[in-house]
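Here are my notes on the model, as numbered points. Please read them beside the coordinates.

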Amino acid sequence: MVGFTSYMAIALEEARAAALRGEVPVGAVLVGPDGVVARAGNRVRAMCDPTAHAEILVIREACRALGTERLGGHDLYVTLEPCAMCAAAIAGARIARLYYGASDPKSGGVEVGAKVFSHPQCHHVPEVYDGIAAAPAAALLKDFFAGKRS
């Protein structure tokens with residue numbers, strides 16, 4: 001990509017902040033033509049809401065800020081492969097491009113598991129780029145869960 005700028009550093013900041021709150025360290029940032037529109041980290045525990053994944057929170061905030069339910073022309077950066085719920089929301093919002101860091105062999109919904117974007121019922125398929133800052137994203141998750149086990 002000519003002139004490509006990754007916003008994964010911001011997503012990683014959000015993931016670190018989520019870990020400090022005791023949340024699974026996943027962060028996301030939604031970017032439009034004019035830059036960052038919304039950013040968030042997981043808040044499942046804080047909000048007592050199983051849908052409060054970072055991706056869902058940034059989609060909600062961006063739609064609210066822009067006054068639309070569609071986010072065509074926008075890019076989503078997330079530190080972990082989206083689950084099936086988040087992948088369906090990404091498709092529903094018509095996000096143009098998805099960039100994610102670490103793969104999620106247990107709960108992923110893009111390249112493993114449900115593979116939401118490969119279903120004929122999926123009305124929109126974003127361009128998907130995986131492995132962006134995968135090592136630091138995976139390390140955050142590994143350290144977080146290792147701390148929970150010790």
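1. Start with Arg64. In this predicted model, Arg64 is exposed, at 59% relative accessibility. Its side chain meets that of Glu61 in a salt bridge, with N to O at 3.2 Å. Glu61 has 34% relative accessibility, so it counts as partly exposed. Both residues sit in helix H3, and because they are three residues apart, about one helical turn separates them.

2. Arg60 pairs with Asp49, and their closest N and O atoms are 3.9 Å apart. The cut-off for a salt bridge is within 4 Å, so this pair still counts. Arg60 belongs to H3, while Asp49 lies in the loop between helix H2 (44-47) and H3. The pair therefore ties together parts that are eleven residues apart in sequence. Arg60 is partly exposed, with a relative accessible area of 35%.

3. Which residue pairs with Glu14 in a salt bridge? The partner is Arg39, at 2.7 Å from N to O. This bridge links distant parts of the chain: Glu14 is in helix H1, Arg39 is in strand E2 (residues 35-41), and 25 residues separate them. Glu14 has a relative accessible area of 14%. Buried means under 20%, so Glu14 is buried. Arg39 is partly exposed, with a relative accessible area of 37%.

4. Salt bridges with shared partners join Glu13, Glu14 and Arg39 into one network. Over the whole structure, the search finds six salt bridges. Those described above are among them.

5. Now the helix packing. Helix H3 spans residues 54-66 and helix H4 spans residues 84-93. They pack at an angle of about 25°, and their axes are 9 Å apart. That angle makes H3 roughly parallel to H4. Their crossing is left-handed. H3 contributes Glu55, Ile56 and Ile59 to the contact. H4 contributes Met85, Cys86, Ala89, Ile90 and Ala93. By class, this contact of H3 with H4 has seven nonpolar residues, no polar ones and one charged.

6. Helices H1 (residues 8-20) and H5 (residues 134-149) also pack together. How far apart are the axes of H1 and H5? The distance is 11 Å, and the angle is about 5°. Angles under 35 degrees count as roughly parallel, so H1 and H5 are roughly parallel to each other. On the H1 side, the contact is made by Leu12, Ala15, Arg16 and Ala19. On the H5 side, Pro136, Ala137, Leu140 and Phe144 take part. By class, the contact of H1 with H5 has seven nonpolar residues, no polar ones and one charged.

7. Please check two backbone angles. Lys115 has phi near 45°, a positive value in a residue other than glycine. Lys115 is placed in the loop between strand E4 (97-102) and strand E5 (127-130). With 38% relative accessibility, Lys115 counts as partly exposed.

8. Ala133 lies in the loop between E5 and H5. Its relative accessibility is 27%, so Ala133 counts as partly exposed.

Terms used
Residues are numbered from 1 along each chain as its sequence is written. This is a predicted model: local features need pLDDT of at least 70, side-chain atom pairs count only at pLDDT 80 or more; totals for chains, interfaces and linings use all residues. Side-chain values use heavy atoms; hydrogens and water are left out. Axes are lines fitted to C-alpha atoms, for helices over the stretch in contact, and angles run from 0 to 180 degrees between N-to-C directions. Helices (H or I, at least four residues) and strands (E, at least two) are DSSP runs, numbered from the N terminus. Angles under 35 degrees count as roughly parallel, over 145 as roughly antiparallel, 65 to 115 as roughly perpendicular and the rest as oblique. A crossing is left-handed if the near helix is turned anticlockwise from the far one by less than a right angle, and right-handed if clockwise. Contact means heavy atoms within 4.5 Å. Ala, Val, Leu, Ile, Met, Phe, Trp, Tyr, Cys and Pro count as nonpolar, Asp, Glu, Lys and Arg as charged, and the others, Gly among them, as polar. Buried means under 20% relative accessible area, exposed over 50%, partly exposed in between (1.4 Å probe, protein chains only).
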